[in-house]
Amino acid sequence: MYARTDLEPQPRVGLRAQDVEAALATHSLPKTPFINKLYQSIEKDGEIEELFGLDYARLSVCLLGAVKELTNRITLLESIIQ
């Protein structure tokens, strides 16, 4: 759960683009086409805040591939144990 900083702060369910970006970097994967910059806003203290969004449709397809890989790995490990 997270709260957006550009809207009324209310709890939302989903992934934070910054967390996904860090995970992609850890695995040497590109952040595009999954993460898109929505816009920039200038805060009261003069700092520029970039707001990002996730393309859940594209991200879901990649996650399905990861689930397939993990399922195959589990199957292999289970066959070794038996």
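In this predicted model, the face of helix α1 turned away from its buried side carries Ala25 and Thr26, which are exposed (over 50% relative accessible area, with buried meaning under 20%, for a 1.4 Å probe and protein chains only). Helices here are DSSP runs of H or I with at least four residues, and strands are E runs of at least two, numbered from the N terminus. Local features need pLDDT of at least 70 and side-chain atom pairs count only at pLDDT 80 or more, whereas totals for chains use all residues. Residues are numbered from 1 along each chain, and side-chain values use heavy atoms, without hydrogens or water.

Within α1, which covers residues 17–26, the buried residues are Ala17, Val20 and Leu24. Seen down the helix axis, the buried residues of α1 fall within an arc of 60 degrees, taken from the directions to the C-beta atoms, so they line one face of the helix. Ala17 also touches Ile35, Phe52, Gly53 and Leu54, leaving aside residues up to four places away in sequence, where contact means heavy atoms within 4.5 Å.

| Site | Feature | Value |
|---|---|---|
| Serine 28 | positive phi | near 55 degrees |
| Threonine 32 to proline 33 | cis peptide bond, omega | near 10 degrees |

Proline 33 lies in the loop between α1 and β1 (35–42).

Taken as a whole, the protein chain follows the pattern α-β-β-α along the sequence, and 12% of its 82 residues count as buried. The C-alpha trace spans about 60 × 25 × 20 Å along its principal axes.
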